[in-house]
Every structure is written in structure tokens, then in C-alpha cells.
Amino acid sequence: MMISRFISTFCLLFLSGCLFHGPEEEAPAPLRSAVRDSLLAADAARGDAATRQTLATAAASWLDSGVVYLRAGAPILYGRSAALATAFAGAAERTAYEWRPLGGGVSRNGHDGYSYGIAMMATPNAEGAPSVRLDRYLAFWRRGAGGSWRIIAYAEVGGAPPAGGAPALTPELPPTLALPRGRRSDALRQVRAADSAFALAADLQGTGVAFASFIAPQGVVFSGSEIVIGTDAVRALYNEQQRAGGTLNWRPVYADAAESGDLGLTIGESVFTGRGANGSVVQRFGKYLTIWKKQPGGEWRFVVDGGNASPTPNR
């Protein structure tokens, strides 16, 4: 299929020029394993499935029934039905899809993992030439009894908002997880506490210090068109934003963790406050997905962080 060949070529060209800021100017290389390879293969296989089927049909097979989905311009979506109705409805016909993972990792027991990368969609225009849209994404996966991977949390990083005319959605309260036990229960509490401490550090010490303190050594932050990697690069990014006069505040509203107790996620709401061109206060609301990994010393540090815009809340 011509569009499929075009999208693969375009994706390679994009990745060759992708802006990586960090040590050695390249994406981090997590330890490879057969389980990690199977996760990244499942991630990449989404493109072929979505191109052959309808996008919604394919997405229903890779989204867990309890998925938490972050769609740009929408509130946090809880559950597969809400995600399909909002993020995958109205997809154009004859569209070719491709997901290219740039990195990822798995939990110690191989039952949970994460991936992040570039998503591309190519739709033929009236003249038949492909019109290409680029997105970035971050996903947390869980492996079922049969060995198949399902997404339990997903963020379209940046991303385009729902098409015009889409109904306004009412924010939902997070669902209550069945009370986990053992290491998963401990890890769930710990990652939520780590995110809350992270937010408090940003309030007290500034975002640059906070991000540099809570990021893993080769952690990744999505920022605009850049993928920023490592402590020094991330500190510089947020110090620059802070000097421009903006503040970033957030709070976690949802958390989950691996049964092995070494990998987890938090989802939350954020607000950036700055000054407009005329000096008036401007606020931008958002939501985020952060992946956390337990370090050898027992502390939790985030390995990937990204999010997108949320609707302005009703006052």
C-alpha cells in the first residue's frame, strides 16, 4: 500500500531529525530482554492492525477494559468505552497508521511494562497525496494470562484535540481499584506519595530542582517537539521556563503499580500559570501520565513523563 510505504519513510525521516536533548544526544537504551522485545513488538503491531481494520476495532483489542486514557482537549477518560467513544470515533477511512516505539522497559516479573514513541497517521487528500499527522505517546501495559499485552494507561502526548463539534465531556471521578495486596499495594502507595512529594518540591524549590531530583538518571520528558533526556537537560529546561515567569503545579488523582512492586504509574491534573502579552495572568490546564521505577536504593524516580491539554474547568 503506497500510503503505508510513505508513512514508514516519513517516520524514519522524522526520527532521524527528532530533537533529543540529553547525554550523547540520543534516546536512552534500557536493558533489552525477550519480554521487553515482545512488548515493543506488540506496540509496533498496532499500526498494521489499525490500518487493516477500523481504528476503533483495532483499539478495542489492545486497550484494557479499565484503561485510563488521556486525550488532548478532553478530561481524563476512565474505561475502554469512554476512550473508544472519544479518542477513536470518527477516524477517517483509508488512513494508514504507524506506531514507532523509541524506548520502554518491563517490570522485574515481566507482567507490566511501558513504552513511548511516535505515532503517525497518513490520510489521502483529494489529490490522493498523503496528509500526515504526527503525535507522540506514552503507554503503560499489562500482560494477561495468555501472554498478550494490553494498555492500562495511555497519553497522547501533545496531541490534537477532539474534532470540532464533539460533545463536551463531564470530568469523571477516578474509579476505585480493587484493593491490591502485598508488593503491589505498597508500590501503589509509594508512587502516589512520590508524585505528591515531587509536586511539593516544585512548589518549594522550583520546577528545575524538583524535576532534576525526581527523574531517573536517563529519564525522559516530552516537552513541545523535544524529547528531553537526563537530569542536567531536564533541569535546564524547567529552569528556563521558570525564569520566563511561569509556575507549574500538579496533583496525582490516580495510581497503579506492578505486582512485582518495582514499576508504577501516576496520572494527575496540572495547571501552568504565567503572564500573557498584556501582562494579565494566563492559566493552561493539563493532565499527565508519569511512569515510575524503583531504584536500587529503594527510592522511586520517574523514567518517562508526558501529557496534554485539558478543558478549562467551569468556575
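**Helix packing and its surroundings**

A: Helix 5 and helix 6 run roughly antiparallel to each other, a label for angles over 145 degrees, while angles under 35 count as roughly parallel, 65 to 115 as roughly perpendicular and the rest as oblique. Their axes come within 7 Å and cross at roughly 150°; here an axis is a line fitted to C-alpha atoms, for helices over the stretch in contact, and the angle, from 0 to 180 degrees, is taken between N-to-C directions. The model is a predicted one, in which local features need pLDDT of at least 70 and side-chain atom pairs count only at pLDDT 80 or more, whereas totals for chains, interfaces and linings use all residues. Residues are numbered from 1 along each chain as its sequence is written, and side-chain values use heavy atoms, with hydrogens and water left out.

From helix 5, the residues A194, A197, F198, A201, A202 and Q205 meet T207, V209, A210, F211 and F214 of helix 6, where contact means heavy atoms within 4.5 Å.

Helix 6, which covers residues 207–214, also packs against helix 7, residues 231–243, with axes that come within 7 Å and cross at roughly 160°. This angle makes helix 6 and helix 7 roughly antiparallel as well. On the helix 6 side the contact involves T207, G208, V209, F211 and A212, and on the helix 7 side it involves T231, V234, R235, Y238, N239 and Q242. Helix 6 passes helix 7 in a right-handed crossing.

Returning to helix 5, which spans residues 182–205, one of its residues is R192. R192 counts as partly exposed because its relative accessibility is 33%, partly exposed being the range between buried, under 20% relative accessible area, and exposed, over 50%, with a 1.4 Å probe and protein chains only. Apart from neighbours within four places in sequence, R192 is in contact with P252, V253, Y254, A255 and T266. Y254 lies 62 residues from R192 along the chain, yet their C-alpha atoms are separated by 7.8 Å. The side chain of R192 also reaches the backbone oxygen of P252 at 3.4 Å.

G246 touches Q241, F272, T273 and G274 when residues up to four places away in sequence are not counted.

Another helix pair is formed by helix 2, residues 34–52, and helix 3, residues 55–62, whose axes come within 7 Å and cross at roughly 145°. Here too the crossing is right-handed, and the contact is made by R46, A49 and A50 of helix 2 with L55, A58 and W62 of helix 3.

These pairs sit within a protein chain that has 7 helices and 13 strands, both being DSSP runs numbered from the N terminus, with H or I over at least four residues for helices and E over at least two for strands. Buried residues make up 47% of the chain's 315 residues. Of the contacts between residues at least 6 apart in sequence, 63% join residues at least 24 apart.

The largest nonpolar core has 30 residues, of which L265, I267, L289, I291 and V304 touch the most other members; such a core is a set of buried Ala, Val, Leu, Ile, Met, Phe, Trp, Tyr and Cys residues joined through side-chain atoms within 4.5 Å. A second, separate core of 27 residues includes L55, A59, Y69 and F88.

Among the strands, strand 5 (residues 112–124) contains D112, which is buried, with a relative accessible area of 1%. The side chain of D112 makes a polar contact with the side chain of R142 at 2.6 Å, that is, a pair of N or O atoms within 3.5 Å in which, within protein, one must be able to donate a hydrogen and the other to accept it, residues adjacent in sequence counting only if both atoms are side-chain atoms. Finally, T95, in the loop between helix 4 (80–87) and strand 4 (96–106), makes a side-chain polar contact with the side chain of T123 at 2.8 Å.

Note on methods
Left-handed = near helix turned anticlockwise from the far one by under 90°.
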